[in-house]
Amino acid sequence: MTSYAAAGVDIDAGDRAVELMKSRVARSHRPEVVHDVSGFAGLFDASAFLRYRRPLLATSTDGVGTKVMLAQRLGKHDTIGIDLVGMVVDDLVVCGAEPLFMTDYIACGKVVPERIADIVGGVAEGCRLAGCALIGGETAEHPGAMGADEYDLAGAGTGVVEASELLGPDRVKPGDVVLALASSGIHSNGYSLVRHVIASAGLGLDQEIPELSRTLGEELLEPTRVYALDCLALIRETEVHAFAHITGGGLAANLARSLPSTADALLDRGSWTPPAIFGVLAGHGAVPQAEMDKTFNLGVGMCAIVPAEEADRATALLSGRGVPTWVLGEIVEGSGEARFV
């Protein structure tokens, strides 16, 4: 007799995964979250918006790209969810929005309850780090479309910002300073090039690389730094004109998105030394500097543009919160470009 289980979908395993992840998801709770008994939707109490004069909702969605393939190869699934949250909420905070809640979606070839619980647990931990709630999600089993050990994940987030406090290019002006907020490593962009370098150079994920203090695999799976609460603290305590989340496309290209058409950002390449992993990839892969620049964050995961007189206070605040920060460059008259000098 034919059944759903015979076709490769295990409903009982899905139910077991939900039970395993419940306690982890609870750690991301916010008081505005309303319990939905049916579980079909996530509910958030919008009366929290009454304190705003003109609340703007911000939304963002993303995944983690081919970094999931390394997590699968290494059998480590409890941090890839943090990467997902970082990619979503740190896009939201660029406009000054406070991340409120997220939902996630996992597609896999076979539901292994413990593995799914680890993935979702990472998402919940990322939400906790961002101060937002994980209020819903979905796990789908796709036998035949994906291998038993394969999965992919994506997520969407919602935030809110007062209209009059919206950050962006219109606030940026010559004389402002560009601050660099250090990344935790590669974050979640450029992993197709990473995997190409590894394969071409014959490197092993369990290999000890002299320049690194751990195995190559451990370095590559370092989770994305989540900046949301740090950026919100900076907004509260200092004057901020704009942020730029440094993701796919590299530092200059992403920073240019936060510039007006009348100003340029001049970035001092000598103001920092990129983490060793970038030199390892460039060296073993013979990757030219221009390609590194447009692919990776090179050690800068977020930029803040602030008035010059706020630079010292902003740097001290962020460094005190555990985010190494330095003056990366300055804003001058121009045509909307960011370039290294």
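A residue is called buried when its relative accessible area is under 20%, exposed when that area is over 50%, and partly exposed in between (1.4 Å probe, protein chains only). The model is predicted, so local features need pLDDT of at least 70 and side-chain atom pairs count only at pLDDT 80 or more, while totals for chains, interfaces and linings use all residues. Residues are numbered from 1 along each chain as its sequence is written, and side-chain values use heavy atoms, with hydrogens and water left out.

**Whole chain.** Show the chain as a cartoon. It contains eleven helices and twelve strands, taken as DSSP runs (helices H or I, at least four residues; strands E, at least two) and numbered from the N terminus. The radius of gyration is 21 Å, close to the 20 Å of the globule rule for 341 residues, so the chain is as compact as a globular protein of that length. That radius is taken over C-alpha atoms, and the rule is 2.2 Å times the number of residues to the power 0.38. Along the principal axes, the C-alpha atoms fill a box of roughly 75 × 55 × 30 Å. Of the 341 residues, 51% are buried.

**Helix α11.** Select residues 311-320. Ala-311, Ala-314, Thr-315, Leu-317 and Leu-318 are the buried residues of this helix. They span an arc of only 165° around the axis, which puts them on the same side of α11; the arc is that of the directions from the helix axis to the C-beta atoms. Just after α11, select Gly-322, which has a positive phi of about 90°.

**Two residues with positive phi.** Most residues other than glycine have a negative phi. Select His-187, in the loop between β7 and α5 (191-201). His-187 is not a glycine, yet its phi is positive, about 65°. Is His-187 buried or exposed? With a relative accessible area of 0%, His-187 is buried.

Next, go to Ala-286, in the loop between α9 (276-285) and α10 (289-295). Ala-286 also is not a glycine and has a positive phi, about 50°. At 66% relative accessibility, Ala-286 counts as exposed.
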